[in-house]
Amino acid sequence: MIDELHEECGVMGIFNGENIVRNLATGLYSLQHRGQESAGIAATDGEKVRVTKSMGLVSDLVEEGRLESIADNCFAAIGHVRYSTTGSRTLANAQPMLVSCKWGFLAVAHNGNVTNAHILRAEMEADGHIFQSTSDSEVLLHEISRTKADSLKDAIRIAVQKFKGSFCLIFLTIDSMYVVRDGLGFRPLCFGKRNNSWVFASESCAFDLLGVDYVRDIQPGEFLSVTKNGMESEHLIKKGRKAFCIFEYVYFARPDSKIFEQSADKVRRKMGKKLAEESPVEADIVIPCPDSSTTAALGYSQASGIRFEIGLLRNHYVGRTFIDPSQNVREQKVKLKFNTINGVLKDKRVCLVDDSIVRGTTLKIICKMLREAGAKEVHIRIASPPVRFPCYFGMDFPSPSELAANTLAPAEIAKMLGVESLGHLSVEGMRECTGAPENFCGACFDGSYPEEYSKTTKTRCGEAI
């Protein structure tokens, strides 16, 4: 098991404009880091909603020629990328999900974890509902379809107020698009404008390739309805606070994105600078563990005055490379993914900046590789606090017993990694870098969950476990 975290999903929608399906696929390329297991698009021509989905990357969806089947006369579409998990690679769990209910066609693209989905599902199954997948997203569609309302818009409005946990939802009907974000705002969601097109996406980086102007974030609890007559907004779900996921800044969001109305690059760089202030080191060079730690390492280098270098290269094209079962599988996977630049590392005191430690297994192998490349000393600096608690609101964290910080003291982790020193950013320092500490959820670091959850069931986007 490689020590790597996964985000749940990425969602996107476009209403009005030209080449909508092709443009949506282009935007989904920018969100590929949020999910690599499956990709899908649902589109409407005003008479019917059609959906096409594929296991794998967005490029697989495009190269299989699936887009042409839904592109004709399309004036609105939604898209989804889903992250990779072990043992859940099924097309049934891929999104967007499409159903036909008493109001007509309804498709949904969902990012997040609905923490009471198992309770709602049990109620529905007792009433005779039949499910085709293990997805919490399908539970949402069933909840909407059984709601007593005079219109689909009202049914969505009523149903989403029953959901707990995190959700960014984009719904598509034959003539409308509805967008809603949970009341705490766990996951990022924003919208932009280009001519007469409205564009919605998990991250603003999806706008850049399309020439879309960022307008603002969808507010926590906001409900938007979009038709050819324009867009209407209401504050539907009211909570007493915000709970933006701080791990989006630590690791998941692309640095060129604007999320939670701030530049991910700037916040991540602040975290690196704060880490240098809190955990200084005597070293010759600072190197990142690419790619998610590059910005934090730059911040650390700038604040410490230690020269920034590229000492590790990442291979982005490993894919399903053959793994020789006679070798250490984990070590071979890491070496396929990373390679050292020996001339940079030889006889140097190296400060390696990484974004987080989960199990520590991958980092241990990387530290060994740095030694083999000739590093005289290896110091690890982590641009986040120790991860101690699982996430129930959209991140794929392992159980508490698998987290290195719960089983080993910092000195023991440093010994396990085989390094001279180990330093973490503090919880207070991390929160300070956001500029609004009270608005962020950092439960995976401090155990302070902003909302109740069930410890017996954890749902992933497109999977209930």
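Reader: Which residue in E3 is the bridge partner of Ile41?

Author: Thr52. This is a predicted model, where local features need pLDDT of at least 70, side-chain atom pairs count only at pLDDT 80 or more, and totals for chains, interfaces and linings use all residues. Residues are numbered from 1 along each chain as its sequence is written, and side-chain values use heavy atoms, with hydrogens and water left out.

Reader: How many bridges pair E2 with E3?

Author: 7, in the antiparallel sense; E2 covers residues 38-44. Strands are DSSP runs (E, at least two residues), as helices are (H or I, at least four), numbered from the N terminus. Two strands pair if DSSP finds at least two bridges between them.

Reader: What order do the 7 strands of the open sheet take?

Author: E3-E2-E4-E1-E10-E9-E11, with antiparallel pairing.

Reader: Which strands stand at the edges?

Author: E3 (49-55) and E11 (213-217). Each has a single partner strand, so one side of each lacks a neighbour in the sheet.

Reader: What packs on the sheet?

Author: Helix H1 (residues 20-30), touching E1 (9-15), E2 and E4 (76-82). Contact means heavy atoms within 4.5 Å.

Reader: New topic. At what angle do the axes of H9 and H16 cross?

Author: Roughly 145°, and the axes come within 9 Å. H9 is residues 264-278 and H16 is residues 427-434. Axes are lines fitted to C-alpha atoms, for helices over the stretch in contact; angles run from 0 to 180 degrees between N-to-C directions.

Reader: Which residues of H16 make the contact?

Author: Gly429, Met430, Glu432, Cys433 and Thr434. From H9 come Val267, Lys270, Met271, Lys274 and Glu278.
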